[in-house]
Amino acid sequence: MLFRICSLAISVRNVVRSGGQQCIKPRTMVTLQEVIKQLKDFAPENIAEKWDNVGLLVEPRNQTNPISNILLTNDLTEAVVVEARERNAQMIISYHPPIFAPLKRLTQASWKERIIIDCIRNDIAIYSPHTSWDNVNNGVNDWLAASLPYDNCKPIHQNESFPAYGSGRMCEISGKTINVRDAVQRIIKHTQMDCAMVSVTGGNENRIIRKYAVCAGSGASVLKGVQADMYITGEMSHHEVLEATSNGTCVVLLGHSNSERGFLQDFKDILTNRLNQKVVVHVSSSDRDPMTLMLGENAN
């Protein structure tokens, strides 16, 4: 049978029939800049907090290489870099920026420096959205707020330049009333956790929740002074929890990264669709919270 080659490409090719002949048609590949454009369209970098370090942090030597595999992770660890190489990922999107404090050198002495060296060596781009994902609509905080049913949900602190965006979320419960115990169970299920640390005001698990405030990650600075029946966040200090509880607010702590990581599954679909299914987007299986709950063994 005669083959007519329509185009030569490194990409995966689709075979289509035309007039009794076969035409090998390449799948259109995506460039790094096209991926970055879609990331910026979803969450503009200028809505991130001023102290943050977001955007393209590591640029590959050859920017013309096509992007066919992207790995999503909450934290970029050495195990995640190994996974990226195994998956042949040309790009890692790390929610937390692996470069935050300025690097004065790149050596093998520090795990953070080794990560950057490995990515440069293997031509893997690193992009970090961090608080731009927190502040954008349908981002991390909206995902966490969806733990409970709400009618109204708005940023706690509006972005000065872009009032439609902002940090944290203040929400009002919709539909049937929910007590503390039921609310916590819904939160655990939504975040796919086994448990949560909860500070219950007066020990009353039947107290009704009408308003709740959310801040993924470390939420104390955003939630401080906010009037709500419940705070949902990743972590707060002992004294910050005491302050909130004394002011009549229940506190639900999920662990810093556990309050953020679940959004990656949602974003996998978002990015896949934005790139018209031309790129395979993976969620890291190596990425996990560094802390685990270890129960005491029965002495008997």
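Start by selecting helix H9, residues 263–274: H9 lies across E5, E6 and E18 and runs at about 175° to E18. A quick word on names: helices (H or I, at least four residues) and strands (E, at least two) are DSSP runs, numbered from the N terminus. For directions, axes are lines fitted to C-alpha atoms, for helices over the stretch in contact, and angles run from 0 to 180 degrees between N-to-C directions.

Before you go on, keep in mind that this is a predicted model, where local features need pLDDT of at least 70, side-chain atom pairs count only at pLDDT 80 or more, and totals for chains, interfaces and linings use all residues. Residues are numbered from 1 along each chain as its sequence is written, and side-chain values use heavy atoms, with hydrogens and water left out.

**Stay on H9**

How far apart are the end C-alpha atoms of H9? They are 16 Å apart, which agrees with the 16 Å that its 12 residues should span at 1.5 Å a residue (the expected span is 1.5 Å times one less than the number of residues).

Now show the side chains of Phe263, Leu264, Phe267, Leu271 and Thr272, which are buried in H9. Buried means under 20% relative accessible area, exposed over 50%, and partly exposed in between (1.4 Å probe, protein chains only). These residues cover an arc of only 160° around the axis, so they sit on the same side of H9; the arc is that of the directions from the helix axis to the C-beta atoms. The buried residues of H9 pack against several elements, including helix H1 (32–42), helix H4 (131–135) and helix H5 (140–145). Here, contact means heavy atoms within 4.5 Å. Step just past H9 and click asparagine 276, which takes a positive phi of about 55°.

Select the open sheet of five strands, ordered E4-E7-E6-E5-E18 with mixed pairing. Two strands pair if DSSP finds at least two bridges between them. At the edges you'll find strand E4 (55–58) and strand E18 (280–283), each pairing on one side only. From one strand to the next, the twist averages 25°.

Zoom in on strand E5 (residues 69–73) and strand E6 (residues 91–94): they run parallel and are joined by four bridges. Which residue is the bridge partner of leucine 71 in E6? Look for isoleucine 92.

**Then serine 284**

Click serine 284, in the segment after E18. Serine 284 is buried, with a relative accessible area of 9%. Among the residues that serine 284 touches are Leu71, Thr73 and Val80, leaving aside residues up to four places away in sequence. Serine 284 and leucine 264 are 20 residues apart in sequence, but 9.1 Å apart in space, C-alpha to C-alpha.

**On to the other sheet**

Select the open sheet of six strands, in the order E8-E11-E15-E16-E17-E13, again with mixed pairing. Strand E8 (150–154) and strand E13 (197–199) stand at the edges with a single partner strand each, so one side of each has no neighbour in the sheet. E13 and strand E17 (residues 250–253) run antiparallel, joined by three bridges. Find serine 199 and look opposite: there is valine 251 in E17.

**Last stop**

Colour by pLDDT, the predictor's confidence in each residue, from 0 to 100. The protein averages 91, and 90% of the residues score at least 70. Over residues 1–26, pLDDT stays under 50.
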